[in-house]
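Hi everyone, thanks for coming. I'd like to walk you through a model this morning, and please keep your questions for the end.

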Amino acid sequence: MCLAVPGRVLDRSGDDPLTRVGRVDFGGVVKQINLAFAPEAEVGDYVLVHVGFAIAVIDAAEAARIFAHLDELGELAEFAARAP
Amino acid sequence: MKYRDEYRDAAAARRLADAIARAVTRPWTLMEVCGGQTHAIVRFGIDALLPREVTLMHGPGCPVCVTPVEYVDKAIEIAGRPGVILCSFGDMLRVPGSDGDLFAAKSRGADVRMVYSPLDAVEIARAEPSRQVVFFAVGFETTAPANAMAAYRANQLSLANFSMLVSHVLVPPAMRAVLEGPGNRVQGFLAAGHVCTIMGLADYAPIARRYGVPIVAAGFEPLDILEALYLCVRQLEEGRAEVENPYSRVVTPAGNRAAQALMGEVFRVIPRRWRGLGDIPDSGLALTDAYAGLDAERRFGRVCEGDEAEGECLSGLVLRGERKPTQCPAFGVRCTPERPLGVTMVSSEGACAAYFRYRGATAATEGAA
Amino acid sequence: MSGEATIQLAHGGGGRAMARLIAEVIRPAFDDPELNRSHDGALIDLAGAVAFTTDSYVIRPLIFPGGDIGALAVNGTVNDLAMCGARPLYMSVGLILEEGLPLALLRRILASMRGAAGAAGVRLVTGDTKVVDRGKGDGIFINTAGIGAVVAPAPIGPQAVRPGDAMILSGDIGRHGVAVMAARENLGLEMAIESDCAPLWAPVLGLIEAGIRVRCLRDLTRGGLASASVEIAETAGVSIVLDESAVPIREDVASACELLGLDPMHVANEGRFIAFVAPEDAERTVELLRTHQVAAEAAVIGRVSAAPAGRVSCRGALGVARAIDMLSGEQLPRIC
């Protein structure tokens, strides 16, 4: 369950938080998405979308963590390869 | 596509797989809960990258698979009534009930419509006031907020012609049920990352503590799954049983407060029967009294839950993670997507169907992996 | 036919109303001399080997981004002939119209067919019209038969495919299926994706005239690249290994598939084909195809091997192979 896709918020409209919508760009395909569950989403943010609803704003800093870990692993692997 | 493509990098995937291989000193059996994760693992061949010591079992994380057949029958029955429009996600259209599926009902003249979002069903109700519109609301916690919003909107609009057939299930109770199973071999979990996006992580610490299993919130892209597997294996090797969250770009410990608030207003927790797993307490959602007027079972009659049929099908054991599809003697021989014996082969999201589609029937002859 | 806005049952009745429909709407749409003779059948001269094909077209919606059922019917027929190595020459068209079909829509579809036929160099020389009761048809069903002159020097078909052959795809996948599904299911997607509906004889002729030994051709339609590959592998009794990273797909089409949970390998196409050639001809084949706009993205995407017979596998993004099979039915969007 839970096919959710990342997209970039292009605009948002509506004052009522429960009915606020925004157009979200998914790699060239744009759809209007309900932003009720991502009230803090701003234009330019990336959101995770499931069945027409944004369920989270994607945190760029957190997203970088796995790549930092990969860098560490890369160094470890080199270290292990060089070790006697 | 940003936040997708970079998580499919082949070199990075191999680096994580190597890290898992270096970390492992003895066999471990892990389970990924979510059908979407099963799908990704089989599609990208992630398990083929893992060392032999790591066994991945596929859990009951497919709400389509675990929807009792009686609910599918009810949806088909409702769809067949004159003046009714039955709206459903695409996933449910081909799940067979006792006698055909919703797609077949459509070809017999029932007005069955696929929707992308639950709000589309509400719009249909608004546009067709003379018809009764029924939305088949299935899913895990990930989909519950959206389904809740449909109910909220329908009430707001005072729609008299909209109702919901609710068959929602919750993940943590299913994990407990798996761990309680007498044949259970699961030693660590990859939790369903999008369920966690909504609900946060609070449910998992008690499970980790009680059963001594590490639980890692995992995403759905190859790097997310491999990273979670690495952390889970590392915990097992170090003798730890904690909750970890590498999917922190969308999962926070508290989860999505706005979503939880609306869910709490529209739904209440009830016991539910799971296809293949039986009755699990506090594992389902039903409409609260304030929204009971939208309950399709009130309008069209209650669903009668019968007993599950016995037979050659091992889908219960597959859903529990006690058997791999390839370990079923019928897999690929007497049971195929064309002639399925049980729900895990019938549903395209089921573990058996995923294996068959991506590995082919000959996977059975390659031996249990 | 002034005053009539929609098709009535009488238009299929064999009487004056039908005669008027044919004389005033259908025949003028094509203005073909053979069609205009209004005989029971067309008289044509043929010499040499002939390719003969038939197809029926049932699609909803009738008009979709990038085309309509009319263009689909003509190009589909042309392409079936092209896949036999035959120059498309003549077509028949059987129309089954639903009572209530707007006449303006019928005119539009017929005009589209004429345009497609002109572009493909095929003549519409005979036809038939029937009308069914309201509710018994999706607006219009079209059946065609096509005749072409075989130009390829050696028979083209799965039986000619050999282990070691290269498999070439003529262009990017998934456009037609995504465009039609988005239109049909009212998915509310803003996108520039249109059907790739197009005739394919020109690039095929280019290969034949350049002396390429074309073993087999297959156009991708319903079931997508996956179905076409599996059909060839099974019929030819060979194994095919695909390289997913070599399969061209536009970013927005890939994104739409992700959004809907569709696998691009199974999404329908209407202007793409796969070609099997000897490995030493692969590079030249790709070069030749790329000189045609409809095949500008042509690429080698796979290789044929001997065993296991009938099996298609695909090396994915992580380098792991997965089995490719046909789906049981049409692919549906998923949320799971």
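This is a predicted model: local features need pLDDT of at least 70, side-chain atom pairs count only at pLDDT 80 or more; totals for chains, interfaces and linings use all residues.

What about the radius of gyration? For 369 residues, a compact globule would come out near 21 Å, and chain B has 21 Å, so the two agree. Buried residues account for 61% of the 369 residues in this chain. And if you take the contacts in chain B with a separation of 6 or more, 78% of them link residues 24 or more positions apart.

Let me pick out one helix there: α5 of chain B, residues 69–79. Which of its residues are buried? They are B:Tyr71, B:Val72, B:Lys74, B:Ala75, B:Ile76, B:Ile78 and B:Ala79. Please notice the lysine, B:Lys74, in that buried set. The buried residues of α5(B) pack against strands and helices of chain B, including β3 (84–88), β5 (132–139), β6 (162–169) and α14 (296–300).

Now to the neighbours. On the chain A side, 39 residues of chain B are in contact with 30 residues of chain A. Several helices of chain B each supply at least two residues to that side, among them α1, α2, α10 (193–199) and α12. By class, the side of chain B that touches chain A divides into 22 nonpolar, 11 polar and 6 charged residues.

Turning to chain C, the contact takes 31 residues from chain B and 21 residues from chain C. Which element of chain B gives the most to that side? That would be α2(B), with 4 residues. The class count here is 16 nonpolar, 6 polar and 9 charged residues on the side of chain B that touches chain C.

In soluble globular proteins, nonpolar side chains tend to be buried together. Here the largest nonpolar core has 279 residues, and those that touch the most other members include A:Val47, A:Ala54, B:Leu86, B:Leu229 and C:Ile168. Helix α12 of chain B, residues 222–238, gives the largest share of this core, 10 residues. Let's zoom in on A:Ala54. Leaving aside neighbours within four places in sequence, A:Ala54 is in contact with A:Ile33, A:Leu35, A:Phe37, A:Ala38, A:Ala41, A:Val47, A:Leu48 and A:Val49.

Last stop, chain C. It is divided into domain 1 (9–150) and domain 2 (158–324), and 27 Å separate their centres, taken over C-alpha atoms. Between them, the contact takes 19 residues from domain 1 and 20 residues from domain 2. On the domain 1 side, α3(C) gives the most, with 6 residues. That side has 12 nonpolar, 5 polar and 2 charged residues.

One more helix before I stop: α7 of chain C, residues 224–236. At 1.5 Å a residue, its 13 residues should span 18 Å, and the end C-alpha atoms are 19 Å apart, so that agrees. Its buried residues include C:Gly224, C:Leu225, C:Ser229, C:Ile232 and C:Ala236. And what happens just after α7(C)? There, C:Gly237 takes a positive phi of about 65 degrees.

How values were computed:
Residues are numbered from 1 along each chain as its sequence is written. Chains are lettered from A and ligands numbered from 1 in the order in which they are written. Two residues are in contact if their C-beta atoms, placed from the backbone, lie within 7 Å. Ala, Val, Leu, Ile, Met, Phe, Trp, Tyr, Cys and Pro count as nonpolar, Asp, Glu, Lys and Arg as charged, and the others, Gly among them, as polar. A nonpolar core is a set of buried Ala, Val, Leu, Ile, Met, Phe, Trp, Tyr and Cys residues joined through C-beta atoms within 7 Å. A residue is buried if 20 or more other C-beta atoms lie within 10 Å of its own, exposed if 12 or fewer, and partly exposed in between; C-beta atoms are placed from the backbone. The expected span of a helix is 1.5 Å times one less than its number of residues. Domain bounds come from an automatic or database domain assignment. The radius of gyration is taken over C-alpha atoms; the globule rule is 2.2 Å times the number of residues to the power 0.38.
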